[in-house]
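Morning, everyone. I have one structure to walk through today. Please look at the screen.

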Amino acid sequence: MERENQFIGQSGAFLDAVERASRAAPMSRPVLVIGERGTGKELIAERLHRLSTRWDEPLVTMNCAALPETLIEAELFGHEAGAFTGATKARAGRFEEADKGTLFLDELGTLSMGAQERLLRAVEYGEVTRIGASRPIRVDVRIVAATNEDLPALAEDGEFRADLLDRLSFEVITLPPLRVREGDVGVLAEYFARRMAAELEWHSWPGFSPHVMKQLEDHSWPGNVRELRNVVERGVYRWDDPETPIAHLQFDPFESPWKPASPSHRKTQSEAPAEAPAATASIGGVDYDCDDLRAAVDAHERAILEHSLGKHRWNQRQTAKALGLSYDQLRHAIKKHCLMEESD
């Protein structure tokens, strides 16, 4: 688990989730943390532990999706020597390691039905039995589990034990995705950018250009905070001039004119004409419903200019070449949209 305890955000939805975690922390009851990837489920789990009476006891983490099904039960409950091929000596499981503390089970929805059954007994009776052992071991463990799955729906379909879900859902904390956290994108972007600038030993933080901030606000962030952090830190470290605002970000790190085609597209490409169109980057969504065509065209033209100028670090000759314009045509377009003032 990444030991970064800071919660960055000011939106009501985010603060409500953090407050709920703070209230649940002192209770030695199971908690389910639900959220999309990158929303900070691990940080909530750590908060639940650090604010509990178990704060000075172990916080043990297990990613249920990282192990093959045949090893999950051995990892959770331990095994005796000779219990199975390769078990040359006895080993304590995660439950025993977390005794008196907290066990964080990430990706809970991937647990096999067999592991779910044994987990149910451990939660209900406070006992675990090592594989190959005949006697159970008493443990005092607080369970915090996380998933991005719809566990009630899985339980209805018979893919997750409903009785286990009942015992784990004393409290359920659902983390909001970044796209609904109003105002948090800018706060988080500034935080990650300033930290990267300090790591690069920049003397000051120049900020983001207005069009870059708009791109950050308009992006849907399917990877949530983790994706935002990668985009911002990548943009800062690639920017060569720490005296001028960041004017270009690459949202998709795999974007490249030399990107290899996936197998499903190779046949289509082989049947296509030899001359393929140049690769272009998407600049936000296009709204085709408008009541002022000229203004809509001007806004799209300005967005293209801002993106290309930022990409080429305001080198106007390179930008003109990339856009298929003469230098004078680009200068006219920059003057038309008052971009010189912004660059200054």
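Start with β2 and strand β3, residues 102–106. They pair in the parallel sense, over five bridges. Which residue in β3 is the bridge partner of T61? F104 is. Keep in mind that this is a predicted model.

Now the whole sheet. What is the order of its strands? Read it out with me: β2-β3-β6-β1-β7. That is an open sheet of five strands, with parallel pairing. Why is one side of β2 and of β7 left without a neighbour in the sheet? Both strands stand at the edges, β2 at 59–63 and β7 at 171–174. Each has a single partner strand, so one side of each has no neighbour there. There is a twist too. From one strand to the next, it averages 15°.

On to the helices. Two packed helices are described by the angle between their axes and the distance between the axes. Our pair is helix α8, residues 184–199, and helix α9, residues 210–218. The angle is about 120°, and the axes lie 9 Å apart. At that angle, α8 is oblique to α9. What is the handedness of the crossing where α8 passes α9? Right-handed.

Which residues meet there? From α8, we have V185, G186 and A189. From α9, we have M213, L216 and E217. Sort the residues of this contact by type, and you get four nonpolar, one polar and one charged.

To recap: the sheet is open, with five strands and parallel pairing. The helix pair α8 and α9 packs at about 120°. Thanks, everyone.

Note on methods. Residues are numbered from 1 along each chain as its sequence is written. This is a predicted model: local features need pLDDT of at least 70, side-chain atom pairs count only at pLDDT 80 or more; totals for chains, interfaces and linings use all residues. Side-chain values use heavy atoms; hydrogens and water are left out. Axes are lines fitted to C-alpha atoms, for helices over the stretch in contact, and angles run from 0 to 180 degrees between N-to-C directions. Helices (H or I, at least four residues) and strands (E, at least two) are DSSP runs, numbered from the N terminus. Angles under 35 degrees count as roughly parallel, over 145 as roughly antiparallel, 65 to 115 as roughly perpendicular and the rest as oblique. A crossing is left-handed if the near helix is turned anticlockwise from the far one by less than a right angle, and right-handed if clockwise. Contact means heavy atoms within 4.5 Å. Ala, Val, Leu, Ile, Met, Phe, Trp, Tyr, Cys and Pro count as nonpolar, Asp, Glu, Lys and Arg as charged, and the others, Gly among them, as polar. Two strands pair if DSSP finds at least two bridges between them.
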